[in-house]
Amino acid sequence: HEMTHAAVYYNSPLNTKSTPWIEETISESMALFFLNLFGTKKRVGLQVFTCSTVLDVIQMAEDRVVLMDIDKDYFTTTYDIVEKHIDSIDILILSHLFGIPNPDYLRIKQLCQLRGVVLIDDLCQTFHAKIGGYFLEDLSDNYFYSFFYDKPISATSGGMLKLSDDLYTKAFDVYNALEKESDSRGKLLLR
């Protein structure tokens, strides 16, 4: 598994300001950073069965949420549902829950590419799931993880945002322009 570009945010256990919910803050920061790359007032497709943090981030980014139904067997939206909404969204956040990749992933990804919709995969509850023998992480252009004790990547806190090549340069410039943190939370940009 080869990763091209990723931003890793890690909260040091030595940070005296750490709280049990810091994981949510770090995940929010990464998702908000991603959404802000596209400006405000974007229409973001989101399945109704998802973490409330994702909804909060969309609202913080001043974007509009377009809620989509889910398939009760996979707890995720399907190709048919996405197809009904594809012309009313600019970005699709596709959640893969409980270690189960979206069964229509390749078709949804192709639809997004054809219609110019940016796809980002929420892998906060899924790690190294396979579709057709390939890891979801290898098939995805953009995705984010959350690290916490109850996540597939267990840690005290943290997360990761992986970006496609075309978004990496823009994200790197935006990241470098951010005010640097003064506490012990580190930021590391990997290539």
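Let's start with a salt bridge. Arg 115 pairs with Asp 87, and their closest N and O atoms are 2.9 Å apart. Arg 115 sits in helix H4, while Asp 87 is in the loop between H3 and S4, so this pair ties together parts that are 28 residues apart in sequence. Keep in mind that this is a predicted model.

How accessible are the two partners? Arg 115 is partly exposed, at 41% relative accessible area. Asp 87 counts as exposed, at 61%.

The count of salt bridges comes to 5. Here is another one. The side chains of Asp 90 and Arg 43 meet, at 3.1 Å from N to O. Asp 90 belongs to the loop between helix H3 (79-85) and S4, and Arg 43 to strand S2, so the pair links parts 47 residues apart in sequence. Asp 90 is partly exposed at 23%. Arg 43 is partly exposed too, at 25%.

One more. Asp 141 forms a salt bridge with Lys 109, with the closest N and O atoms 3.8 Å apart. Asp 141 lies in the loop between helix H5 (136-139) and strand S8 (143-146), and Lys 109 in helix H4, so parts 32 residues apart in sequence are tied together. Asp 141 is partly exposed, at 33%. Is Lys 109 buried or exposed? Lys 109 is buried, at 15%. The cut-off for buried is under 20%.

Now to strand S4, residues 91-95. How many of its residues are buried? 5 of the 5, so S4 is largely enclosed by the rest of the structure. Look at both faces. Ile 91, Ile 93 and Ser 95 are buried on one side, and Leu 92 and Leu 94 on the other.

What does S4 pair with? Strand S2 (residues 43-47) runs parallel to S4, joined by 3 bridges. In that pairing, Gly 45 stands opposite Leu 92. Strand S5 (residues 118-122) also pairs with S4 in the parallel sense, over 5 bridges. There, Ile 91 has Val 118 as its bridge partner. From S4 the chain crosses through helix H4 (residues 105-115) to S5, in a right-handed β-α-β crossover.

Zoom in on Leu 92. Its relative accessible area is 0%. Leaving out residues up to four places away in sequence, Leu 92 touches several residues, including Met 68, Val 82, Ile 108 and Cys 112. Val 117 is one of its contacts as well. The C-alpha atoms of Leu 92 and Val 117 are separated by 6.8 Å, though the two are 25 residues apart along the chain.

Last, the surface. Val 48, Phe 49, Leu 67, Tyr 74, Phe 75, Phe 98 and Ile 100 make a nonpolar patch of about 630 Å². Leu 67 comes from strand S3 (residues 64-68).

Methods. Residues are numbered from 1 along each chain as its sequence is written. This is a predicted model: local features need pLDDT of at least 70, side-chain atom pairs count only at pLDDT 80 or more; totals for chains, interfaces and linings use all residues. Side-chain values use heavy atoms; hydrogens and water are left out. Buried means under 20% relative accessible area, exposed over 50%, partly exposed in between (1.4 Å probe, protein chains only). Helices (H or I, at least four residues) and strands (E, at least two) are DSSP runs, numbered from the N terminus. Two strands pair if DSSP finds at least two bridges between them. A crossover is right-handed if, with the strands pointing away from the viewer, the path from the first strand over the helix to the second runs clockwise. Patches are made of residues with over 30% relative accessible area and no salt bridge: like charges are joined within 9 Å, nonpolar side chains (Val, Leu, Ile, Met, Phe, Trp, Tyr) within 5 Å. Accessible areas come from the Shrake-Rupley method with a 1.4 Å probe; for residues, only the protein chains shown count as cover. A salt bridge is a side-chain nitrogen of Lys or Arg within 4 Å of a carboxyl oxygen of Asp or Glu. Contact means heavy atoms within 4.5 Å.
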